[in-house]
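This report walks through one chain, part by part. Please keep the sequence and the model open while reading.

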Amino acid sequence: MIAIIGGGAAGFFAAIRACEVNPEAEVVIYEKGKNPLAKVAVTGGGRCNLTNSFAVVKDLKNVYPRGDKLMKRLFKTFDYRDTYEWFESRGVPLVTQDDECVFPQSQSSQSIIDCLLKESSRLGVKVKTNYALADITPQDGQLLLHFEGHAEPILAQRVVITTGGHPHQSSFDYLKRLGHEIVSPVPSLFTFNINDSAFRDLMGTVVANAQMSVVGERMRSEGPLLITHWGMSGPCVLRLSSYAARWASERNYRFRVAVNWVGESNCNSVVQSIESLASQHTARQLDNVHPFGLPSRLWSYLLQKAGLPPEKRWGELGRKGINRLMEVFTNDVYTVEGKSRWRDEFVTCGGVSLASINSNTLQSKHVPGLYFAGEVTDVDAVTGGFNLQAAWTMGYIAGENCAKS
Ligand SMILES: Cc1cc2nc3c(=O)[nH]c(=O)nc-3n(C[C@H](O)[C@H](O)[C@H](O)COP(=O)(O)OP(=O)(O)OC[C@H]3O[C@@H](n4cnc5c(N)ncnc54)[C@H](O)[C@@H]3O)c2cc1C
């Protein structure tokens, strides 16, 4: 029997692939909760951003801060094109948005869930719910599975662990006891709390092309930035939170970030743009001309921060005024004081160390017959469909290898 532990994205892909490779095998998914695929249901705000076109991904490290090398290797077997083909050939048409995120054409995660349930049932996968794995004991080359509240352990020949991410170290204890290295889990994909009421009053303001960096570190990101009633959010912030996940956790989510509001990091070009505005609009008040298309409320806030009166004329800026504007446009520093969740979306940074897993087969290096796939491993990504893509890819490969061996 092949036991898949966890009925999520990676678990269903592992089970389906195992059946395809070895139709004789009995494949059973053991799911802790009442319903399988519960997390897939809420992904992408209920629309399920199931993958990405990868069209603008220059380096996998930029989207997989942890696990880029493993994903590069595994994508040779099953990548985003395979995911696309997999779902479309099973009757789920997909669409790629302008931002390269891929969704089902139905705009409902239920299409993805229905497809996975239909395909697994067609192949004879059994799904047992209310089975929470508590421990594994290797026994004569097989694996004895102990489930909470189930007196009798279950014997399996092969086991794939696809239990997803978890913020508490204790949920990895049974895997640690078996010799696996566990990278301590911390949350990734969070938004920044900023304790500045004048700034938070700008809530709802969106800057389409911002850049952000952690002061004194090499971590930086770019993209849309949204000002919220608690601080900062949007893809630019979520991406930086992913890069800085462990670093920020070690500092109790207290650190400084520098924002470049104008999406231009070359200070000379920024100065030139300000000089050109100053010479074009000599007689107009500063607050009447919005440089770089900045939203008006943000522009007023930045003027105040730069210590420049809004009624001052562009022609009166002088060198000092130009430098002050340049600084506030390109290096506007904020103190982050804590984190918040973004639409309840988060992933776990950390988990079963890749040093404990064979990078070709996803088999454990410590327990023969045991495999890993998905967020339970120390692989996680920025938003955009990359996390689910990792789950499909790893599930497919773990399922294939456990059924072959
Ligand atoms: C609100 C939200 C929205 C998201 N949106 C997106 C998105 O649009 N695109 C994207 O790419 N990523 C998204 N993500 C991330 C993505 O959902 C996960 O990375 C992905 O689901 C991981 O798949 P998985 O199969 O590894 O784990 P999961 O999908 O979490 O599945 C793990 C399963 O294992 C079960 N389980 C846990 N412990 C045990 C146990 N001891 N015994 C038995 N079963 C167990 C769980 O109940 C669960 O069903 C989102 C995450 C959240 C929280």
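Which residue in S14 does Val207 stand opposite? Val207 stands opposite Leu225 in S14.

## Basis

This is a predicted model: local features need pLDDT of at least 70, side-chain atom pairs count only at pLDDT 80 or more, and totals for chains, interfaces and linings use all residues. Residues are numbered from 1 along each chain as its sequence is written.

## Overall build

The chain holds 14 helices and 19 strands. Helices (H or I, at least four residues) and strands (E, at least two) are DSSP runs, numbered from the N terminus. Along its principal axes, the C-alpha trace spans about 85 × 40 × 35 Å.

Of the 405 residues in the chain, 43% are buried. A residue is buried if 20 or more other C-beta atoms lie within 10 Å of its own, exposed if 12 or fewer, and partly exposed in between; C-beta atoms are placed from the backbone. Among contacts between residues at least 6 apart in sequence, 73% join residues at least 24 apart. Two residues are in contact if their C-beta atoms, placed from the backbone, lie within 7 Å.

## The barrel

Six strands form a closed barrel with antiparallel pairing, in the order S12-S15-S14-S13-S16-S17. Two strands pair if DSSP finds at least two bridges between them. Neighbouring strands of this sheet are turned by 50° against each other on average, direction ignored. Axes are lines fitted to C-alpha atoms, for helices over the stretch in contact, and angles run from 0 to 180 degrees between N-to-C directions.

S13 (residues 206-214) and S14 (residues 220-227) run antiparallel and are joined by six bridges. S12 is joined to S17 (residues 332-341) by four bridges, again antiparallel. There, Thr191 stands opposite Ser340 in S17. S12 also pairs with S15 in the antiparallel sense, over two bridges. Phe192 has Met232 in S15 as its bridge partner.

## Helix H9

Which strands does H9 touch as it packs on the sheet? Helix H9 (residues 235-243) touches S12 (190-194), S13, S14 and S15 (231-233). The direction of H9 makes about 135° with that of S14.

Eight of the nine residues of H9 are buried, so this helix is largely enclosed by the rest of the structure. The buried residues are Cys236, Val237, Leu238, Arg239, Leu240, Ser241, Ser242 and Tyr243. Their cover includes S11 (182-188), S12, S13, S14, S15 and helix H10 (245-250).

H5 (residues 80-89) has buried residues at Tyr80, Thr83 and Phe87. These cover an arc of only 55° around the axis, which puts them on the same side of H5. The arc is that of the directions from the helix axis to the C-beta atoms. The face turned away from the buried side carries the exposed residues Arg81, Glu85 and Ser89. After H5 comes Gly91, with a positive phi near 90°.

The buried residues of H5 pack against S3 (51-52), S4 (94-96), helix H6 (109-122) and H14. S3 and S4 belong to an open sheet of three strands, ordered S3-S5-S4, with antiparallel pairing. S3 and S4 stand at the edges, each with a single partner strand, so one side of each is left without a neighbour in the sheet. Three bridges join S4 to S5 (residues 101-104). Thr96 stands opposite Val102 in S5.

## Around the ligand

The shell around the ligand has 36 residues, of which Gly6, Gly8, Gly44, Gly164 and Gly374 come nearest. A residue is near a molecule if its C-beta atom, placed from the backbone, lies within 6 Å of it.

Helices H1 (9-21), H2 (38-42) and H14 (386-404) and strand S2 (27-31) each supply at least two residues of the shell. H14 gives the most, with four. The shell divides into 16 nonpolar, 14 polar and six charged residues. Ala, Val, Leu, Ile, Met, Phe, Trp, Tyr, Cys and Pro count as nonpolar, Asp, Glu, Lys and Arg as charged, and the others, Gly among them, as polar.

## His366

Where is the place of His366? His366 is in the loop between S18 (347-352) and S19 (370-372). With 14 C-beta neighbours inside 10 Å, His366 counts as partly exposed.

Leaving aside neighbours within four places in sequence, His366 is in contact with Leu178, Gly179, His180 and Ser356. His366 and Leu178 are 188 residues apart along the chain, yet their C-alpha atoms are separated by 7.1 Å.
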